[in-house]
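Please follow the chain through its sheet, its helices and a few single residues. The paragraphs below take these in turn.

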Amino acid sequence: MAHDLLNGKKGIIFGALDNRSIAWKVAEMAHQEGARFVLTNTPAAIRMGDIHQLAMKCGNADIIPADGTQVKDLEYLFREAMKRMGGKVDFILHSIGMSMNVRKKRAYSDVDYDFFAKTLDISAISLHKILQTAFKLDAIHEGGSVVSLSYIAAQRTLYGYNDMADAKALLESITRSFGYIYGREKKVRINTISQSPTLTTAGSGVKGMQDLMDFTERMSPLGNADADECAGFCIVLFSDISRKITMQNIFHDGGFSSMGMSLRAMSMYSRSLDCEDCPPVD
Ligand SMILES: NC(=O)c1ccc[n+]([C@@H]2O[C@H](COP(=O)([O-])OP(=O)(O)OC[C@H]3O[C@@H](n4cnc5c(N)ncnc54)[C@H](O)[C@@H]3O)[C@@H](O)[C@H]2O)c1
């Protein structure tokens, strides 16, 4: 059910690859909530993915290619988006992540350092590049909102997440550092959402993803948050309802981040626990 939360707002959505992408769900919901936006991704992702399908579903949204690591691409993107939408934007979704070390199954104790640098550039520094470009071009309206997607591996060590953990820690730090400056100078909000593990193209690359999702489902009192629920929360952060929230990393994970051990997880390990109280997990 739509609530017109983004009625009249304009945005840029980075990172919709296919219909499992979190950015895809955000675009669908932003469209339902009355927003107009430009979709963007790398030229390769635009060629290989289904973004044209999404654009059609979203009122023939414009697609402007941009590599999030290339400042020249970003300058073109912002100038062109403002031209096509007739002015500054109100919201930006940064939904970008990639690690060649994860893709090539390099262990964290044996990373390739060129890959490592790329992981940080694509998955974290791209947020700085987007913010700096927007700031210099004065491309975001006062009261605007930038949301990026993080993961709890920024704070806690999770087997298999590799150098993406370092990228997420940097992403959250950039959110605070730029959040101060953009808030002070232009009243623009910048936040990260720390999302539950979610089955997407990027998510499926993480070692043992299905087992991890089973574990977090057992540990979270509200269960894992899915991509649609994440999209709903992005919309709230883009909307005027959250005008005074900035520089935060907000866990959207069904309570996982505050848990130490749950009955449902304990039941997997304990031979003596009477588990009549344990609700079935699947
Ligand atoms: N899936 C999960 O379990 C999960 C959990 C928490 C956070 N996240 C984060 O959510 C975000 C979106 O990932 P997703 O799960 O929807 O997967 P996804 O694979 O659908 O999205 C990742 C996107 O990043 C884009 N991308 C890669 N390199 C880029 C570059 N150089 N410039 C611009 N775009 C580039 C890809 O084309 C793709 O569209 C990522 O930051 C990811 O780390 C995902």
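Helices (H or I, at least four residues) and strands (E, at least two) are DSSP runs, numbered from the N terminus. The model is a predicted one, in which local features need pLDDT of at least 70 and side-chain atom pairs count only at pLDDT 80 or more, while totals for chains, interfaces and linings use all residues. Residues are numbered from 1 along each chain as its sequence is written.

Seven strands form an open sheet in the order β3-β2-β1-β4-β5-β6-β7, with parallel pairing, where two strands pair if DSSP finds at least two bridges between them. At the edges stand β3 (62–63) and β7 (249–252), each of which pairs on one side only. Strands of a sheet pair through backbone hydrogen bonds, either parallel or antiparallel. Within this sheet, β1 and β2 are joined in the parallel sense over five bridges, and K10 has R36 as its bridge partner in β2. Strand β1 (residues 10–14) also pairs with strand β4 (residues 89–94), again in the parallel sense, over three bridges; here G11 has F91 of β4 as its bridge partner. Further along, β5 and β6 pair in the parallel sense over six bridges, and V146 stands opposite I190 in β6.

How many residues of strand β2 are buried? A residue is buried if 20 or more other C-beta atoms lie within 10 Å of its own, exposed if 12 or fewer, and partly exposed in between, the C-beta atoms being placed from the backbone. Five of the five residues of strand β2 (residues 36–40) are buried, so this strand is largely enclosed by the rest of the structure. In a regular strand the side chains alternate between the two faces of the sheet.

I63 is placed in strand β3, and it counts as partly exposed because it has 15 C-beta neighbours inside 10 Å. Leaving aside neighbours within four places in sequence, I63 is in contact (C-beta atoms, placed from the backbone, within 7 Å) with L39, T40, I46, I51, H52 and A55. H252 is found in strand β7 and counts as buried, with 20 C-beta neighbours inside 10 Å. Not counting residues up to four places away in sequence, H252 touches I193, S194, Q195, A225, C230 and F233.

The helices come next. Axes are lines fitted to C-alpha atoms, for helices over the stretch in contact, and angles run from 0 to 180 degrees between N-to-C directions. Helix α7 (residues 164–186) lies across β5 (140–150), β6 (189–195) and β7, and runs at about 155 degrees to β6. The axes of helix α1 (residues 22–32) and helix α10 (residues 227–238) come within 8 Å and cross at roughly 55 degrees. That angle makes α1 oblique to α10, given that angles under 35 degrees count as roughly parallel, over 145 as roughly antiparallel, 65 to 115 as roughly perpendicular and the rest as oblique. From α1, the contact is made by I22, K25, V26, M29 and A30, and from α10 by A227, D228, C230, A231, G232, C234 and I235. These residues divide into nine nonpolar, one polar and two charged, where Ala, Val, Leu, Ile, Met, Phe, Trp, Tyr, Cys and Pro count as nonpolar, Asp, Glu, Lys and Arg as charged, and the others, Gly among them, as polar.

Most residues other than glycine have a negative phi, and most peptide bonds are trans. D4, which lies in the segment before β1, has a positive phi near 60 degrees, and D4 is exposed, with 11 other C-beta atoms within 10 Å. D138, located in the loop between α6 (113–137) and β5, has a positive phi near 45 degrees and counts as exposed, with 12 C-beta neighbours inside 10 Å.

Notes:
Two residues are in contact if their C-beta atoms, placed from the backbone, lie within 7 Å.
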